[in-house]
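Thanks for coming. I will go through one model this morning, chain by chain, and keep it short.

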Amino acid sequence: MVKKGSSRDEGKATKQVILFLVMVGLAGIFPQMYPDEFLLHVIVVANLLAIFAISWDFVAGFMGQVNFGQAMFYGAGAYFIGFITKAYQIPAGLGLIAGGFVAVLLSLAVGIPCLRLRGPYYSIATLGFCQVLFTLSMALTEWTGSEEGIRGIPKFITSVEGNYYFSFFLLMFLLVALKLLFRTPFGIQLISIREDERLSEAAGINTNLYKIIGSAVSAFIAGVAGAYSCYFHSHVSPDTLSIGLTFSAIAAVVFGGMGTIWGAFVGAYVLTFLNEYLYFMMEYRLLIYPLAIMLILLFSPGGLLAFFKELGKVFEHGNATSAEPHKEL
Amino acid sequence: MQVILSGILLGGIYALMAMGLSLTLGVMRIVNLAHGVFYTLGSFILYSFMVQAKLNPFLSLLLIFIIVFFAGMICERILLRPIRDSHMNVMIVTFALAIFAEQCIHLSWGVLYRSAPPFLKGELQIARILLDNQRLLSFAIGMALILLLVFVLKKTTLGKATRMVQQDPEMAMLLGINVDLISMVVFAVGAALAATAGCLLAPLYLIFPAMGWTPLLVSFAIVILGGMGSITGTVVGGFLFGLTSLLTTYFISSAMINVVPFLAIIVTLLIRPSGFFGKEIF
Amino acid sequence: MEMLRVQNLTKSFKSLVAVSDLNFVIHKGQILGLMGPNGSGKTTVINLITGFLKPDSGTIYWQNEDITGWGPHKIVHKGIARTFQQARVFPNLSIFDNVVVSLAKSQGGYLSLGIDHKRKALDILELVGMRTKPSTLASQLPQDELKKLEMARAIGSEPKMILLDEPVSGLTPEESDLIVRVIKKLNESGITIFVIEHVMRMLMGVSHRLVVMNSGMKVCEGKPEEVRQNPTVIEAYFGKGEEGFVNFR
């Protein structure tokens, strides 16, 4: 009788759950211990970036679709809130979800035509789409306020502490949802597309459909993040559609480790904190993100997480290689 | 009519830059997202040379070509060679490089929009059309370089070796061609060509740190439209682009000038993912 | 009852004619074997039937429906599954996940409500005789277990017909007997089988009928005993210096 789990695997899963709960607990009491408004603000920014970065990792790391225009979904959500709140009063929850759906619509409009594009062509096309939207947001001054953007958007949570909790809530929700997703057959099948697309097709997976769905999910996440950022900063500008923004997500993910959800989280935090706290470096701070990426890709392409994993292996086994012998042919 | 001619003149220079990209794309089989930043670099260094150092424009052009050529070689050697196998990593690294360099330029020169002084002042008048001499000169230099490039590719040993690497890298390696060296040179040439295009257009348009993204996408659009490895395709594509860009500026607005190339890439990729003239490489 | 009909199938690659004017029929519940020396076009035939390649000319009928040129996943949905010559699995996924991937067709909706995928995957692994723990990464499997995983993946999509591309190549006689047993079990449960193999002993032993190819063309067809005696077949093998009737390993 073939059994699925072993006690070792179950142990690993329990460890992860415990770690997660500890994290949630710490996050919960943190503001009481360090009620530093600036720090809390930075954490919200980091959380936002983490959510956005995860949305990119979802398509790029898990599905192999390297989208260089991910910012367009973030910006779509952000600008949607910007436009809507000028005209109507809507409850924030609805706004966030609606922002997500606007992004989903955009992902369909962009994604369906791009289905037939392989690898780099897909990347360039998505970069192109995003730049079109960026240019439009700069050019259509009447609607978008050009560089200045739209200001004075009413916040739905006014305190920094409130935003801290809310952003953590969003992030935790996302993490849990994704972890669960990748245990379902659908999630495993999504990953298989990245692993070997032809083989997935041979196994009966309609890769086009899955890619569209995956894209839509990723866009939804990015859209909600963008919408929330609009509420949080009370302001939306073309920056939300910029190449720089896409790059920060890519940087966070690559730095932390692609194709692992924690990588995006870790990367986002490290980069955001480096950015905010290296004030003494003044403008030179902006060089950090790209420099970090280049270094990571040269020395540890799997990102920080992979680097620590390797370190962990060295400590565990000393110089010995893996214990289990393979059965040779 | 003036707009049309200006468009063609602009197009020639776009074609030059696109050829640089076509080389890296075709020979090294990588997507270089830093191509635009080399263009920007060319413009800014030219500005410095001409305005601050008061150097002769032609001398500046030559110097910049050499400087960027070596910069390109260094970049290739350090950043690209270790990771050349992974397309995705190359895209990310060159993307990072582009942003890094753009920030450096921002820090060194500031964000003010500037313009470089023209090499040649005055205008030429034919019938009712007025064209600046600068435009004509830039175009002439651009075309000359393209012809030079074509000559090198077709007639010299280096050029032949490069073409062999483009057609079949494994075969080329078996024949004893130093593929690594060729890759380094090709990348450097591509970068230098982009920088030269930047120099040639600097006197005509505004210079600012983020200026490289549009030319990057335009180059891609041209290469994709015109097809990989097809020189005619690239040149024709270049002209088409210059034309449509300026027509857009004229009829719609200059702010929308970017929208055209992007839409063009998108439309082309959708109709013919491998371009109209050339063959697919990925 | 006719399941698969291949008519005038032709495919060339540049100047090489891989498959030329091929005709054959497979009936329900049959095990049809395809044999021929290396390079005779056998794998191309599977690629053409399963949508990995488009034929230059000719038609492929599945249960009287024209499926020529259809894409791979549509063909799987119609009930045809295949394995690969070099066992092709997802090396970074566990054995269990590898099978789960193939359950896409049978899970109906995409969120797998309504089927117990765990149970299904484990049952399939048991059916093929997988000894390794399901949570092991596929990259760590030895050759015979890999072949089993290949078959498990094909079975996952609940096919009416399975195309096996050299299911026992590289295996010891004992290991290949195991695979043959699985094939026979599948066939007994009603699945039609199309097998390509090099190993004569195995193919002769398992097939109801055989088709022999050489240089892209069918040279002979019939029951194993008939084909074995056929002079053209013998020449095709020994003429090209093949091992022919000798077993590897």
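Which residue takes a positive phi in the hairpin of β4(C) and β5(C)? Gln63(C) does, near 50°, in a hairpin with two residues between the strands.

Before the rest, some housekeeping. This is a predicted model, where local features need pLDDT of at least 70, side-chain atom pairs count only at pLDDT 80 or more, and totals for chains, interfaces and linings use all residues. Residues are numbered from 1 along each chain as its sequence is written, with chains lettered from A and ligands numbered from 1 in the order in which they are written. Helices (H or I, at least four residues) and strands (E, at least two) are DSSP runs, numbered from the N terminus. Two strands pair if DSSP finds at least two bridges between them.

Back to chain C. Strand β4(C), residues 57-62, runs antiparallel to β5(C), residues 65-66, and two bridges join them. Within that pair, Tyr61(C) stands opposite Asp66(C). β4(C) also pairs with β1(C), residues 2-13, again in the antiparallel sense, over five bridges. There, Ser57(C) has Thr10(C) opposite.

Now chain B. It has eleven helices and two strands, in the order α-α-α-α-β-β-α-α-α-α-α-α-α from the N terminus. Of its 282 residues, 52% are buried, meaning that 20 or more other C-beta atoms lie within 10 Å of the residue's own; 12 or fewer is exposed, in between is partly exposed, and C-beta atoms are placed from the backbone. Contacts are pairs whose C-beta atoms, placed from the backbone, lie within 7 Å. Among contacts in chain B with a separation of 6 or more, 78% are between residues 24 or more positions apart.

One residue to look at is Ile207(B), in the loop between α8 (179-201) and α9 (213-226) of chain B. Ile207(B) counts as buried because 22 other C-beta atoms lie within 10 Å. From Leu181(B), Ile207(B) is 26 residues away in sequence and 33 Å away in space, C-alpha to C-alpha.

Last, chains A and B. Their contact takes 34 residues from chain A and 34 residues from chain B. On the side of chain A, α5 (119-139), α11 (243-256) and α13 each supply at least two residues; α5(A) gives the most, with 14 residues.

As for α13(A), residues 288-299, this helix has twelve residues and reaches 16 Å from its first C-alpha to its last, close to the 16 Å expected at 1.5 Å a residue (1.5 Å times one less than the number of residues). Its buried residues include Tyr289(A), Ile293(A) and Leu297(A).

Definitions and conventions:
Contact = placed C-beta atoms within 7 Å.
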